[in-house]
Amino acid sequence: MRILMITMSLFSIMSCTHAQIQPESFALETVADGIYVHHGQHLDIDTGYQGDICNISFIIGSKGVAVIDSGGSLKVGEQLHAAIRKVTSLPVLYVINTHVHPDHIYGNAAFLSTAAGEAKPEFVGHEKLGHAMDLRREQYSKLNKRFLHDDAKGSELVKPTLAVKDTMELDLGDRVLVLTAHPPAHTNTDLTVLDRKTSTLFAGDLLFITRTPVVEADIKGLIAEIIKLKASPAQQVVPGHGPVTKDWKTALSNAERYLSVLLSDVRANIKRNISMEKTMDTAAESERDKWQLFEIANRRNVNTIYPMLEWE
């Protein structure tokens, strides 16, 4: 694998309202033939969030390009778009979102502007993604203004024009992407993408590596989907957060272990009538040294799953 540093002038690619932003670097990792990944930083939403914390990727076929997640702001999306143009002049045919979380979707707006005569891409997501975006629009807008400040300008939600109910195949020319919609797990809008040509699986946030896994929708569903992913024909996996890996079954097992310990500990505390607040201090403690951002992410996970598990 190799790292490319794509240096671009944001003045040349942004509207005049963004012209004051200085040129900066945008690192790409080439992980397979025609596949590029930009790695966001391991920053928490409350402690340094700047819209660039997840993996965002693009795949080049003979007909055009597919983007997989677009970043957390128009700024990051424009950096990604400019980086694509440094690599290929082929049109962006698809912008695929792996789920609804803001760090993955707000760069979509950067792909609404196209070259003269070039059609806008299809925006692709889980069949529930559009509705989820509508429900969260106001909340996410406030979050963007609070944390991104000027970078929040122009970061508008762009809903899917193609919805995936079960599976869907997208032909980029000489390579086919297989999209799979998952039941509630990390969120209720999870989508994975498999590039058949290179057997590269884009797992979205069904897989975290290094960074503490996050549960929003259903911890039991997330464990079940992680187990199912172990049967994938993938040769390598791009997680939603963390390094690309060929040892992906170990990575899935690590995430499964953490989530299983968390589930077991929370269930046990509920049975013993230990409060959610006290459970936040002790649940999955054996996993603490194995993950980044454990303290804050694990407490949030307890806050999410404890009320759900009380009703089992």
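Q: How are α6 and α8 oriented to each other, and what does one read to decide it?

A: Two packed helices are described by the angle between their axes and the distance between the axes. In this predicted model, α6 and α8 pack at an angle of about 55°, and their axes lie 10 Å apart. Angles from 65 to 115 degrees would count as roughly perpendicular and those under 35 degrees as roughly parallel, and α6 and α8 are therefore oblique to each other. The crossing in which α6 passes α8 is right-handed.

Q: Which residues of α6 and α8 meet each other?

A: On the α6 side they are Tyr 258, Leu 262, Leu 263, Val 266, Arg 267 and Ile 270, and on the α8 side they are Phe 294, Asn 298, Asn 301, Val 302, Ile 305, Tyr 306 and Leu 309.

Q: What arrangement do the rings of Tyr 258 and Phe 294 adopt?

A: A pair of aromatic rings is described by the distance of the centres and the angle of the planes. The model has 4 aromatic pairs. For Tyr 258 and Phe 294 the ring centres are 6.3 Å apart and the planes stand at 75°, so this pair is edge-to-face. The pair links distant parts of the chain, with Tyr 258 in helix α6 (residues 248-271) and Phe 294 in helix α8 (residues 294-309), 36 residues apart.

Q: Are Tyr 258 and Phe 294 buried or exposed, and which residues form one aromatic cluster with them?

A: Since buried means under 20% relative accessible area, Tyr 258 is buried at 0%, and Phe 294 is buried at 4%. Tyr 258 and Phe 294 form one aromatic cluster together with Trp 291.

Q: How is α5 oriented to α6, and what is the hand of their crossing?

A: The angle between α5 and α6 is about 155°, and their axes are 10 Å apart. Because angles over 145 degrees count as roughly antiparallel, α5 is roughly antiparallel to α6. The crossing of α5 and α6 is left-handed. Among the residues that meet there are Ile 219, Leu 222, Ile 223 and Ile 226 in α5, together with Trp 248, Leu 252, Leu 259 and Leu 263 in α6.

Q: Where is Glu 225 placed, and with which side chain does the side chain of Glu 225 make a polar contact?

A: Glu 225 is in helix α5, which spans residues 219-229, and with a relative accessibility of 4% this residue counts as buried. The side chain of Glu 225 makes a polar contact of 2.7 Å with the side chain of His 182. When residues up to four places away in sequence are not counted, Glu 225 touches His 182, Pro 183 and Ala 185.

Q: What surrounds His 104, and is His 104 buried or exposed?

A: His 104 lies in helix α3 (residues 102-105) and, at 0% relative accessibility, counts as buried. The side chains of His 104 and Asp 103 are joined by a polar contact of 3.2 Å. With neighbours within four places in sequence left aside, the residues in contact with His 104 include Cys 54, Asp 69, His 99, Asp 205 and His 241.

Q: How far apart are Gln 79 and Leu 309, in sequence and in space?

A: Gln 79 and Leu 309 are separated by 230 residues in sequence and by 42 Å in space, C-alpha to C-alpha. Gln 79 belongs to helix α2 (residues 74-87), where it is buried with a relative accessible area of 4%.

Terms used: Residues are numbered from 1 along each chain as its sequence is written. This is a predicted model: local features need pLDDT of at least 70, side-chain atom pairs count only at pLDDT 80 or more; totals for chains, interfaces and linings use all residues. Side-chain values use heavy atoms; hydrogens and water are left out. Helices (H or I, at least four residues) and strands (E, at least two) are DSSP runs, numbered from the N terminus. Buried means under 20% relative accessible area, exposed over 50%, partly exposed in between (1.4 Å probe, protein chains only). A polar contact is a pair of N or O atoms within 3.5 Å; within protein, one must be able to donate a hydrogen and the other to accept it, and residues adjacent in sequence count only if both atoms are side-chain atoms. Contact means heavy atoms within 4.5 Å. Rings of Phe, Tyr and Trp (its six-membered ring) pair if their centres lie within 6.5 Å; planes under 30 degrees apart count as stacked, over 60 as edge-to-face and the rest as tilted. Axes are lines fitted to C-alpha atoms, for helices over the stretch in contact, and angles run from 0 to 180 degrees between N-to-C directions. A crossing is left-handed if the near helix is turned anticlockwise from the far one by less than a right angle, and right-handed if clockwise.
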